[in-house]
Amino acid sequence: MSYELVIGLETHVELSTESKIFCSCGGHSAAKEPNDCVCPACSGMPGMLPVMNKRVVELAVTAGLMLNCEISRYTTFDKKNYYYPDLPCAYQITQLNHPICTNGCVTIKTSGGNRDIRIKQIHMEEDAGKLVHGGKSSFVDFNRTSVPLIEIVTQPDFRSAEEVVTYLNKLKSMFRLGGISECEEGAMRCDVNISIRPEGSTEFGVRTEIKNMASFEAIEKAIRYEAQRHMDALDFGTEELVQETRRFDDVSGKTFAMRNKETEADYRYFPDANLMPIIIDDEWLEQIKANKPVAVDEKAEEYREAGIFDKEIDMLLASHKIAKLLDDIVALGCDAKDGAAWILTDCAGILRKDGKTLGELAITPEKLSAIIKMVDEGKINRGAGKKILIAVIEEDVDPVAFCAQQGLDRKVDTSMIEQIIDRVMADHPQAIEDYKNGKTKAAQALFGACMKELKGAGDPAVIKELLEEKLKNA
Amino acid sequence: MKYYAAELCDRGTVAVDDMVLVKDAPATAGSRILEGFTPLFSAEAVTRLEEKGYSVSGKTHVGEFGLDLVGEFSYYQPAEGELKGAAAELVASGAVQAALGVDMNGAPRRAAALSGVSFLKPTYGTVSRYGVISCAASGEQLGVYAATAAGISEIMGVIAGHDEKDGTSLRQKEYDYSIEKNINGKRVALVKELLALADDATRARVLAFADALKKQGVSVEEISLDWTDHANTAWQILMTAETCNNVSRYDGVKFGHRAAEYKNIDELYVNTRTEGFNFLTKSVILYGSDVLSKNRYKDCYDKSLRVRRVIAERFEKLMAEYDAILTPVCKNTSYQPYEIRQAFGKVFEESVFTAIPNLIGTPALSCGGVQLMGKQFSEGTLLSLAAGVEKEGN
């Protein structure tokens with residue numbers, strides 16, 4: 001029989017905030033040792049109270065706006081109870097009854113054309129810590145405890161593993177571009193709900209849930225394996241399908257049922273009285289909207305219209321930082337296509353020599369645009385521009401000062417030349433006297449002195465002309 | 001056994017009960033489960049007192065997690081003889097000027113009545129709960145024991161006000177704790193049903209208090225409230241659920257007591273908690289887990305939240321007519337030791353007098369062996385009424 005695959009996704013994404021969700025500890029990315037980023041609050045000591053990190057709300061709302069969600073104006077937190085050593089309070093603070101975003105939709109491009117995936121809800125929650133097993137003991141590391149997450153829950157709208165991976169890739173570039181999450185290894189984790197039904201049927205089949213997968217490759221493999229298992233069960237009666245939670249084993253490429261004990265818990269959800277309901281008023285929402293980055297598709301279109309090639313667009317959109325740098329230099333008056341080349345070719349090339357990637361680029365838009373403008377205006381040639389760029393990237397020098405200092409200008413502006421001529425003339429009163437007395441050779445000596453002061457910069461003809469004029473008037 | 005003895009001090013010294021953290025002083029909440037736990041920081045109220053030059057002189061025993069009547073079931077100092085609250089007794093003895101206590105289910109109010117001192121449970125959100133060992137977050141408040149209304153007023157002025165470390169702390173910076181409001185012409189309601197629940201001696205106290213008020217020009221009218229039982233049941237459900245959740249962090253993994261014998265993580269949890277909690281706490285944990293469980297949540301916890309809203313509305317309506325409500329604060333004027341297996345029921349029975357302010361976040365003052373309740377932020381009125389009665393007594 002021919003079957004249709006029905007998949008819904010729950011995706012946990014770690015937010016890029018400077019501090020944890022309910023305390024001022026830094027995120028675990030800052031941690032060097034286990035339990036480096038831990039305070040009495042996130043280690044569950046009595047007497048500490050959670051205090052909401054406003055930035056988390058803003059990033060969750062931004063994600064909701066990018067996924068075309070309705071934004072809840074009244075949102076609350078609930079406690080989810082379970083015992084595990086990596087959960088210091090024995091409850092996780094999450095959102096059950098009033099999630100921050102609902103009813104969204106995202107369009108993905110697949111081989112079969114565009115497909116709309118409906119978003120059921122997005123909610124905010126805290127992450128748990130980590131257990132490290134060693135010998136007879138296990139150790140607990142609370143660095144990741146209370147790191148903010150959003151969970152994005154879709155409707156059962158996926159019909160293939162390909163669609164799931166396309167969707168996840170889209171979320172990834174969206175969130176990177178939006179500064180919501182860097183989506184690094186392990187910062188994006190999925191639970192996959194999967195069932196199959198005969199082609200044309202509108203009823204749902206028996207559903208299984210595969211928990212906690214971090215790599216897209218594993219997700220794809222797990223879906224393919226699980227779909228085949230369901231089909232075999234229905235077609236050949238290999239086993240009886242039951243609604244259950246399973247885990248995917250990377251090594252064998254198979255899914256296994258988890259023990260009931262791990263899955264049939266009653267989490268005893270209830271409202272968290274320590275966190276007041278969050279009210280998102282018009283003013284705040286408008287503020288978040290104003291800062292909202294444009295969606296990936298719109299941004300790509302904008303770059304395409306500016307004449308940037310598709311391959312370059314992908315590189316730019318892979319990082320929020322890089323896309324923003326380009327936008328910033330464009331705002332400072334640079335051409336987008338030219339700017340993209342400076343970033344993707346010149347900057348990337350310089351970093352590559354040092355074994356670094358574009359993600360590690362640290363240059364202010366002001367400095368980069370200053371260099372590009374000097375080249376555009378013909379003050380320096382492109383080779384000199386590159387020389388300045390290297391100095392800026394490696395030593396963070398001021399580009400204009402460095403250019404003058406190194407005498408890289410083709411034309412030094414005349415007021416500066418005049419200043420130097422004036423100084424040289426003041427230093428050589430005898431030469432001027434000689435010149436007045438008809439010794440034209442004296443002018444030659446003054447010219448040499450000026451050239452020396454200017455370190456070779458400046459057009460000699462211009463300098464000569466200015467000097468002669470000044471000598472005549474002296 | 002004396003655990004933390006408060007030193008005998010002059011005026012200017014304040015004791016805190018063991019639900020309140022003082023940096024570097026062991027904190028146990030009266031429970032074995034926290035044996036050996038030393039906090040890294042002080043409660044905000046303690047810090048504010050110290051900044052104003054008060055000396056926080058010591059800690060007093062509490063019943064395990066403040067769940068009992070007045071403090072009789074402390075792991076460190078079990079009750080002997082007539083039941084008394086340690087902080088209230090210390091204030092009554094004159095050894096300290098005042099004491100801080102956490103009112104989650106009326107224990108400090110009862111203790112004050114039994115020792116002949118006063119205790120104010122302030123409006124929810126006016127005093128920071130930062131550094132309070134939390135059990136029932138939605139209704140517990142840090143309050144003040146003192147010998148007189150004036151003594152409470154002084155300390156409240158120091159500890160109240162916004163604290164950004166507590167998400168439930170109200171933004172307001174200043175509150176009215178004056179004791180010299182003109183009370184002539186104020187209207188006080190006396191709750192018939194609650195008066196009927198008390199013994200003769202307690203009833204006599206309440207009526208004497210009413211007479212003293214009348215002499216100050218206050219009118220006292222008897223009223224009937226048919227929802228005090230509902231308020232109590234709702235609060236016991238919310239309180240046990242929240243406590244069950246908040247004490248679940250005491251699992252032997254991170255701090256406090258850890259069982260010596262265990263083979264795996266489940267045994268570590270079970271043995272530690274079996275040894276660490278007393279029978280009353282275990283009852284509260286079971287009751288609280290039950291009301292939060294999937295098939296009971298809607299009928300118990302969720303319904304209690306709705307009852308809370310309705311009662312808040314009814315109380316507000318009532319307070320549009322009256323300036324304060326007068327009730328007994330406990331059934332009897334003295335209590336004898338009893339079996340811990342009876343504690344859950346006994347506390348439930350007694351908290352019918354005290355539950356409303358915990359449930360809806362309004363203030364209550366235990367003074368002269370009785371209780372005055374008022375609307376939010378009416379502490380000044382309650383304290384002034386109490387001061388008026390104190391004057392009559394002199």
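User: Which domains is chain A divided into?
Analyst: This is a predicted model, in which local features need pLDDT of at least 70, side-chain atom pairs count only at pLDDT 80 or more, and totals for chains, interfaces and linings use all residues. Side-chain values use heavy atoms, with hydrogens and water left out, while residues are numbered from 1 along each chain as its sequence is written. Chain A is divided into domain 1 (3-279), domain 2 (294-405) and domain 3 (414-473), with bounds that come from an automatic or database domain assignment.

User: What separates the centres of domain 1 and domain 3 of chain A?
Analyst: Taken over C-alpha atoms, the centres of domain 1 of chain A and domain 3 of chain A are separated by 74 Å.

User: OK, helices now. At what angle do H13 and H15 of chain A pack?
Analyst: Helix H13 (residues 414-427) of chain A packs against helix H15 (residues 441-453) of chain A at about 125 degrees, and their axes are 9 Å apart. Helices (H or I, at least four residues) and strands (E, at least two) are DSSP runs numbered from the N terminus, and axes are lines fitted to C-alpha atoms, for helices over the stretch in contact, with angles from 0 to 180 degrees between N-to-C directions. H13(A) and H15(A) are therefore oblique to each other, since angles under 35 degrees count as roughly parallel, over 145 as roughly antiparallel, 65 to 115 as roughly perpendicular and the rest as oblique.

User: And which residues meet there?
Analyst: From H13(A), Ile420(A), Ile421(A), Arg423(A) and Val424(A) meet Leu446(A), Ala449(A), Cys450(A) and Glu453(A) of H15(A), where contact means heavy atoms within 4.5 Å. By class, this contact of H13(A) with H15(A) has 6 nonpolar, no polar and 2 charged residues; Ala, Val, Leu, Ile, Met, Phe, Trp, Tyr, Cys and Pro count as nonpolar, Asp, Glu, Lys and Arg as charged, and the others, Gly among them, as polar.

User: How do H13 and H16 of chain A cross?
Analyst: The axes of H13(A) and helix H16 (residues 460-473) of chain A come within 10 Å and cross at roughly 50 degrees, which makes H13(A) oblique to H16(A). Among the residues of H13(A) that meet H16(A) are Ile417(A) and Met425(A), and those of H16(A) include Leu466(A) and Lys470(A). The contact of H13(A) with H16(A) divides into 8 nonpolar, 1 polar and 3 charged residues.

User: Switching to rings: how many aromatic pairs are there over all chains?
Analyst: The count comes to 18 aromatic pairs over all chains, where rings of Phe, Tyr and Trp (its six-membered ring) pair if their centres lie within 6.5 Å, and planes under 30 degrees apart count as stacked, over 60 as edge-to-face and the rest as tilted. Tyr83(A) and Tyr269(B) form a tilted pair, 5.3 Å centre to centre with 45 degrees between the planes.

User: Where do those two tyrosines, Tyr83(A) and Tyr269(B), lie?
Analyst: Tyr83(A) lies in the loop between strand S4 (78-81) and strand S5 (91-94) of chain A and Tyr269(B) in helix H8 (residues 265-276) of chain B, so the pair joins two chains.

Key: Chains are lettered from A and ligands numbered from 1 in the order in which they are written.
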